[in-house]
Amino acid sequence: MKFIITKNIIENIVSSMQPFLEKKDASAITSHIYLEVNNDKLIIKATDYEIGLESQIEELNESLNGKATVNGSNLLGILKRLKDLEIIVETIENNLIIRQNKSTFKLPMYDPNEYPSLPKPDNINKLDISMLNLINSIRKITPAIDNNNPKFELNGALVDIKSDKINFVATDTRRLAVSHLQNISNDQNQFIIPKKAIIEIQKLFLDDATVAYDSTNLIISNERMTFFTKLINGKFPDYDRIIPNSLKYNFSLPKDMLIESIKLVTSLFSNIKITFSSNTIVFESLDEDSESKTQIDIDLNIENTFYLAVNAKYLLDFLSLTNNENVNIGFNESNLPFYLEDEKFFTIVMPIVLEK
């Protein structure tokens with residue numbers, strides 16, 4: 001195998017492959033990137049079996065068919081040190097050789113025929129959805145996906161395809177985040193995408209791509225790139241029963257004013273209490289060792305005073321992902337879950353229960 005390529009072209013692809021490599025065991029073949037030249041096209045792929053990426057490069061200046069593997073982290077380290085000029089990459093015996101001007105680097109290879117293949121399922125379901133809508137929907141719920149929960153299905157986002165809409169759902173047990181789109185032609189189904197895959201999808205895809213899935217894998221592809229992730233095999237909690245049927249209070253409040261007030265009182269401590277009365281909203285820190293307090297004068301047209309106590313991060317996560325100048329906040333009583341909404345996105349937050 002041999003090819004000549006501009007350094008920054010291959011560096012960008014190799015850099016995008018890093019999250020898909022086995023990091024804990026450098027002796028595993030999945031710590032390597034697979035390289036193959038076939039008819040003036042370079043195919044590069046990386047996978048740790050759970051998640052993977054394959055990219056194609058056609059900007060080769062010279063090439064000779066063949067294949068190789070090389071430690072992905074070491075390859076990136078070399079590419080970063082080289083100048084943004086052409087490099088020569090070739091295999092000699094059991095090594096990958098990289099040359100630029102008078103510099104030469106030699107890296108050991110594994111047998112490329114042993115490299116795992118990316119899945120190519122037979123019974124595939126196409127998800128009829130624009131990539132832009134998919135990215136916007138999963139971006140809004142990403143902060144609410146849990147990390148390392150023993151209930152492994154919570155370490156991912158549910159895609160719940162209903163007859164009339166597609167819900168994207170995540171929960172870390174302290175909050176439930178749901179964004180939704182209209183379903184035009186997709187059959188009803190459910191699957192859970194791991195958090196790592198959710199994050200990588202948002203980095204990789206900006207333009208249109210084909211989204212497909214089966215019972216085991218999700219595959220997203222365009223002309224230059226194919227991404228796959230294994231799906232989480234589990235049953236997501238019945239989130240519909242957490243969504244309130246009705247709300248006693250529902251206000252439309254200015255987003256920027258909420259953000260400013262919350263940040264003012266959370267400089268030292270993240271747990272806050274927000275008290276609503278007929279013409280004010282008072283924000284105060286729940287830190288016992290210091291006092292932070294501010295208020296908004298606003299006509300809420302309510303008779304009773306009530307409050308919510310909450311980790312401010314949950315409010316700021318929601319507010320940072322909204323599109324409009326105003327957001328809706330809904331309640332039933334103090335010390336009960338409350339509801340935040342903006343267009344096709346809502347979050348239900350469990351309160352910190354305070355003694356009355």
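A word first on touching: two residues are in contact when they have heavy atoms within 4.5 Å of each other. Also keep in mind that this is a predicted model.

Let's start with asparagine 155. You'll find asparagine 155 in the loop that runs between helix 3 (131-141) and strand 11 (156-161). Leaving out residues up to four places away in sequence, asparagine 155 touches Ile145, Asp146, Asn147, Asn148, Asn149, Pro194, Lys195 and Ile232. Is asparagine 155 buried or exposed? Its relative accessible area is 17%, and buried means under 20%, so asparagine 155 is buried.

Next, a pair of helices. The axes of helix 3 and helix 4 (residues 195-204) come within 10 Å and cross at roughly 135 degrees, which makes helix 3 oblique to helix 4. The crossing is left-handed. Here is who makes the contact:

| Helix | Residues in the contact |
|---|---|
| Helix 3 | Met131, Ile135, Ile138 and Arg139 |
| Helix 4 | Ile198, Ile201 and Gln202 |

Sorted by type, the residues of this contact are five nonpolar, one polar and one charged.

Last stop, helix 5 (residues 255-265). Its buried residues are Lys255, Leu258, Ile259, Ser261, Ile262 and Val265. What covers them includes strand 18 (249-254), strand 19 (271-276), strand 20 (280-285), strand 21 (293-297), helix 6 (312-320) and strand 23 (326-331).

Technical notes
Residues are numbered from 1 along each chain as its sequence is written. This is a predicted model: local features need pLDDT of at least 70, side-chain atom pairs count only at pLDDT 80 or more; totals for chains, interfaces and linings use all residues. Side-chain values use heavy atoms; hydrogens and water are left out. Helices (H or I, at least four residues) and strands (E, at least two) are DSSP runs, numbered from the N terminus. Buried means under 20% relative accessible area, exposed over 50%, partly exposed in between (1.4 Å probe, protein chains only). Axes are lines fitted to C-alpha atoms, for helices over the stretch in contact, and angles run from 0 to 180 degrees between N-to-C directions. Angles under 35 degrees count as roughly parallel, over 145 as roughly antiparallel, 65 to 115 as roughly perpendicular and the rest as oblique. A crossing is left-handed if the near helix is turned anticlockwise from the far one by less than a right angle, and right-handed if clockwise. Ala, Val, Leu, Ile, Met, Phe, Trp, Tyr, Cys and Pro count as nonpolar, Asp, Glu, Lys and Arg as charged, and the others, Gly among them, as polar.
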